[in-house]
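Let's take a friendly walk through a protein structure, one stop at a time. Keep the 3D view open as you read.

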Amino acid sequence: MFLDKEVKSQIKERFKDLKDDVTLVVFTQQSECQHCEDNQKLVEEVSELSDKVSVTVFDFQSDKEQVKKYGIDKVPAIAIIGKVDYGIRLYGIPTGYDFVSLLEGIRIVSTEETQLTSEDNKYLANLDKATHLQVFVSPDCPHCPSAVTVAQQMARVSSKVKADIIDSSQFPDLAKKYNVSGVPHTVINETSYQQGAAPVPTIIAKINETLD
Amino acid sequence: MFNFSLGSNRSDVDISQIFDVVIMGAGPSGLTAAIYAGRYRLKTLLIEKKLVCGGQLATIAHVENYPGFDTTVSGSHLAQEMEKQAIKNGAWILQGHIESVNFTGQIKELNTPKGVIKTRAVIISTGAQPRMLNIPGEQQHIGKGVSYCATCDGHLFIDKTIAVIGGGNTALEETITLTKYAKKIFLIHRRNEFRADKIIQEKIRMIPEIEFMLNTTVKEIDFGKDNERKILVHTKGQDKTIHLDGVFIFVGIIPNSKPFLDALNLKEGFITSDEDMKTCIEGVFVSGDVRYKSLRQITTAVGEGATAAFSANKYLTEKR
Ligand SMILES: Cc1cc2nc3c(=O)[nH]c(=O)nc-3n(C[C@H](O)[C@H](O)[C@H](O)COP(=O)(O)OP(=O)(O)OC[C@H]3O[C@@H](n4cnc5c(N)ncnc54)[C@H](O)[C@@H]3O)c2cc1C
């Protein structure tokens, strides 16, 4: 058991606001994945705290079709799915401040509430090019959840935006590939990036630069 | 191993009501004030601008001087325990940024993006944030090799060479944290002696991976061309270039007092108060790192948080 009684009751309290059903689609692997088993157990514990949240588990190696459908390329992975698939993924078991990202992800997918302004929403409604946000975080980074919710909210609102949240300590090679030397660090469409917990308008400006 | 944080984002608070006390900032000081205010059964709201509680405390890897925790405890763990305790004692926590305040009336008004929040008393515990060195190359490389948080970014420097700049407790403690990752650390300080507590100095001198550079100032951070990262330092009367992978800066703090500049008395940017945490305005109290004082630590932050809540309760009782 990962979550103690008190944490559970606090999560339950929050989950009271949930509206749409949420499915946490977990991808796991039998061997050579240190945290896959714990990740699955943790997600199952979370799902028990609301009847609006359920879990589906797939194997990264054998369930090829599902891997393709959800666009998963590494494990452990959690796809947070609501009425539709908004493109929100978590890579790495969330064990610290990234746990906030899981809870917020569930809330954002389930409710329509975002903190986006009407201007942000207008921009996102008109966005017509695929935008892939990869937010690198670490479990001990208290500044990271702010960057994560920015990406998750944008993905929730626009079908063009996909948001991958990646624990840089569990995927060091990927962090290296993108030259991450501080978190949060948001990679936009592989080519550009924004450092730090930047507000939505900053990310939008960066996306514009990248898509141009 | 696990240290789950739940974050400060609650939507179950009705912010149209008038609160007894609103506490701004959920660092150790604000969290303690919330625990006490909740126990006095005051209608208590704690507002935190970040998605998680803890403030600077949340960024400390190992706390060694908080009484009761003889073996080291992580700052995030302490913060999460304080957060749970505040909620348990009846305080609401809301995510929101205090942008400006109006302290002129009996009912104080706080402006946030979520709307105006009204309260009979306020406690300001907005703390502080890391001070920048303000040298060329620093600003544009924040997060690209320049960091102010060892717990956040340390793991990105495994087997790398880094520099830590600073000479106080925080700089030396964070250097020790970083030895877990880096293979070599230049500890750079502009004076000929560290300010840190003697016990930390004794500890750090035992670590072979650390090279001490006293009487040394950093003039420029140059992470520009060819992926080559270097800094320019001035040491022993000479300029010198050091090649490395990252720089961690711990050279003090600046207070988060901007929303209160016009409303309260400040000294060097910090809010002044008496020993009961009363500011120059009735019903407005201050505690923690944002307060003008000499020792800024978790212990003093929590002590003042308790005193501020006590004073707020007394003020509210007398008003009734
Ligand atoms: C790296 C590091 C290591 C340290 N190590 C130690 C140690 O080993 N031992 C020790 O005793 N002390 C240590 N300290 C110092 C200690 O962390 C601080 O003294 C303590 O956290 C101060 O608490 P506080 O609640 O006053 O402020 P903070 O911890 O700064 O918290 C303030 C909170 O207010 C929020 N806030 C700010 N402005 C607003 C606003 N406008 N609206 C809403 N919210 C706002 C902030 O987001 C923050 O969460 C360390 C500090 C650092 C940075």
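Which residues does Gln10(A) touch, not counting residues up to four places away in sequence? In this predicted model, Gln10(A) is in contact with Leu6(B), Lys84(B) and Ile87(B). You can find Gln10(A) in helix H1 of chain A, which covers residues 5-15. Is Gln10(A) buried or exposed? Its relative accessibility is 13%, and buried means under 20%, so Gln10(A) counts as buried.

Now let's turn to the aromatic rings. A pair of such rings is described by how far apart the centres are and by the angle between the planes. Over all chains, the count comes to nine aromatic pairs. One of them joins Phe136(A) and Tyr178(A): the ring centres are 5.8 Å apart and the planes meet at 50°, so this pair is called tilted. Phe136(A) belongs to strand S5 (residues 131-137) of chain A, while Tyr178(A) sits in the loop between helix H7 (172-177) and strand S7 (185-188) of chain A, so the pair ties together parts that lie 42 residues apart in sequence. Both Phe136(A) and Tyr178(A) are buried.

Move over to chain B for another pair. The rings of Phe19(B) and Trp92(B) have centres 5.8 Å apart, with planes at 75°, so this pair is edge-to-face. Phe19(B) is part of strand S1 (residues 18-24) of chain B and Trp92(B) is part of strand S3 (residues 92-95) of chain B, so the pair links parts that are 73 residues apart in sequence. Phe19(B) is buried, with a relative accessible area of 0%, whereas Trp92(B), at 27% relative accessibility, counts as partly exposed.

Aromatic rings can also be found in a group: Phe27(A), Phe58(A) and Tyr70(A) form one aromatic cluster. Some rings have a lysine over the face. Lys74(A) lies over the face of Tyr91(A), at 4.1 Å from the ring centre, and Lys184(B) lies over the face of Phe186(B), at 4.9 Å from the ring centre.

Our last stop is a sheet in chain B. Here three strands form an open sheet in the order S12-S13-S14, with antiparallel pairing. Which are the edge strands? They are strand S12 (216-222) and strand S14 (238-243) of chain B, each of which pairs on one side only. On average, neighbouring strands of this sheet are turned by 25° against each other, direction ignored. Strand S13 (residues 230-235) of chain B pairs with S14(B) over six bridges in the antiparallel sense.

Conventions
Residues numbered from 1 in each chain as written. Chains lettered and ligands numbered in written order. Predicted model: local features only at pLDDT ≥ 70, side-chain atom pairs only at ≥ 80, totals over all residues. Heavy atoms only, no water. Helix = DSSP H or I, 4+ residues; strand = E, 2+ residues; numbered from the N terminus. Buried < 20%, exposed > 50% of the residue type's maximum accessible area, 1.4 Å probe, protein only. Contact = heavy atoms within 4.5 Å. Phe/Tyr/Trp six-rings, centres within 6.5 Å; stacked < 30°, edge-to-face > 60°. Lys NZ or Arg CZ within 6 Å of the ring centre and 35° of its normal. Pairing = 2+ DSSP bridges. Axes fitted to C-alpha atoms, helices over the stretch in contact; angles between N-to-C directions.
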